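Visitor: I would like to go through the side-chain contacts of a structure. Please show me how to read each kind of feature.

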Amino acid sequence: MNFSEVFKLSSLLCKFSPDGKYLLRITVWSLCTKSVSYIKYPKACLQGITFTRDGRYMALAERRDCKDYVSIFVCSDWQLLRHFDTDTQDLTGIEWAPNGCVLAVWDTCLEYKILLYSLDGRLLSTYSAYEWSLGIKSVAWSPSSQFLAVGSYDGKVRILNHVTWKMITEFGHPAAINDPKIVVYKEAEKSPQLGLGCLSFPPPRAGAGPLPSSESKFSLQTLKPVTDRANPKIGIGMLAFSPDSYFLATRNDNIPNAVWVWDIQKLRLFAVLEQLSPVRAFQWDPQQPRLAICTGGSRLYLWSPAGCMSVQVPGEGDFAVLSLCWHLSGDSMALLSKDHFCLCFLETEAVVGTACRQLGGHT
């Protein structure tokens with residue numbers, strides 16, 4: 001069992017409530033009063049527990065009598081608020097909208113179906129893009145709760161609106177970029193050595209390194225999927241909105257080295273970042289449209305509308321960054337390898353000189 005599988009399993013079996021006062025593992029233990037609450041029939045799916053952003057409610061996927069259900073609990077006393085069945089063959093995931101008003105429920109990848117429920121359990125809408133093929137692979141809400149992005153095994157992301165819950169557009173992920181207006185950032189085999197002092201962001205535009213605008217066609221590295229095995233490497237495996245809901249970042253699993261950045265206001269492709277190695281994880285800065293990317297190597301990659309840069313992780317030996325997590329303030333992040341982690345601090349140009357003096361020139 002690899003690191004990612006262990007992490008997913010631990011997330012499934014044990015979870016903290018948003019306020020940090022309760023620890024959930026089918027049974028809910030209060031870390032303040034030592035009281036215990038029991039939750040019956042939880043379903044063993046990786047996205048079977050979700051909390052509203054304000055921490056008031058928890059939704060739990062359940063399975064009993066060969067049917068799927070969702071129970072909504074009040075987190076202050078863990079009393080059951082609502083309990084309703086879902087029209088799913090094999091419920092795979094649930095996710096609250098950031099405003100806490102709508103709950104998205106989606107079915108197994110063998111059945112393309114996503115259902116939208118209100119807080120009181122009313123079915124608001126059902127969406128299905130196609131039939132008789134692998135369906136939904138990933139789901140993400142925009143922070144504004146106005147858009148729901150649905151990543152599918154057909155290599156497309158479909159954007160639903162919060163008024164009619166109908167699709168307003170779909171984004172494909174072709175292996176060739178034909179529009180010369182699209183900026184493509186390509187990681188080079190050899191790049192100038194960066195110092196290990198304090199690094200400001202955004203970087204100078206001259207160091208961003210996009211392909212020349214005269215390039216009329218650019219081909220991305222593709223991976224031929226093995227279709228006769230479970231969980232084929234196809235479809236949209238990662239997607240995330242920027243904190244202002246202006247941008248959407250995606251990864252198509254059979255083009256694993258590329259990150260696509262979409263302009264949600266204009267509903268078009270904004271930029272493509274092609275790395276030398278497959279993208280392991282990416283996450284937006286919680287405070288601004290700044291995307292951090294890792295590929296399992298010793299570098300961290302940062303993108304914003306101002307440009308793109310890579311940073312060597314300082315330390316002895318190669319620090320293989322497998323995952324990352326931003327601090328809520330957006331001025332630091334944790335980088336995780338297999339056995340270690342590293343704290344990375346980012347400073348703006350206005351305070352970078354002061355930070356360098358305070359930290360002795362290390363980040």
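Visitor: Take Arg158 to begin with: is Arg158 buried or exposed?

Guide: Buried means under 20% relative accessible area, exposed over 50% and partly exposed in between, with a 1.4 Å probe and protein chains only. Arg158 has a relative accessible area of 5%, so Arg158 is buried. This is a predicted model, where local features need pLDDT of at least 70 and side-chain atom pairs count only at pLDDT 80 or more, while totals for chains, interfaces and linings use all residues. Residues are numbered from 1 along each chain as its sequence is written, and side-chain values use heavy atoms, with hydrogens and water left out.

Visitor: Which residue forms a salt bridge with Arg158 at 3.5 Å?

Guide: A salt bridge is a side-chain nitrogen of Lys or Arg within 4 Å of a carboxyl oxygen of Asp or Glu. The partner at 3.5 Å, between the closest N and O atoms, is Glu170. This pair links distant parts of the chain, twelve residues apart: Arg158 is in strand β15 (residues 156-161) and Glu170 in strand β16 (residues 167-172). Strands (E, at least two residues) are DSSP runs, numbered from the N terminus. Glu170 has 34% relative accessibility and therefore counts as partly exposed. Arg158 also meets Asp154 in a salt bridge, 2.7 Å from N to O. Asp154, at 33% relative accessibility, is partly exposed.

Visitor: How many salt bridges does the structure hold?

Guide: There are 14. One of them joins Arg251 and Asp253, with the closest N and O atoms 2.6 Å apart. Arg251 and Asp253 are both buried. Elsewhere, salt bridges with shared partners join Lys43, Arg63, Asp68 and Asp90 into one network.

Visitor: How many aromatic pairs does the structure hold?

Guide: Rings of Phe, Tyr and Trp (its six-membered ring) pair if their centres lie within 6.5 Å; planes under 30 degrees apart count as stacked, over 60 as edge-to-face and the rest as tilted. The structure holds eleven such pairs. Among them, Tyr112 and Tyr127 are edge-to-face, at 6.2 Å centre to centre and 75° between the planes. Tyr112 lies in the loop between β10 (102-106) and β11 (114-118), and Tyr127, 15 residues apart from it, in strand β12 (residues 123-127). Both tyrosines, Tyr112 and Tyr127, are buried.

Visitor: Why is the pair of Trp260 and Trp262 stacked?

Guide: The ring centres of Trp260 and Trp262 are 6.1 Å apart and the planes are at 5°, so the pair is stacked. Trp260 and Trp262 are both buried. Ring pairs also link Phe247, Phe270, Trp284 and Trp303 into a cluster.

Terms used. Helix = DSSP H or I, 4+ residues; strand = E, 2+ residues; numbered from the N terminus.
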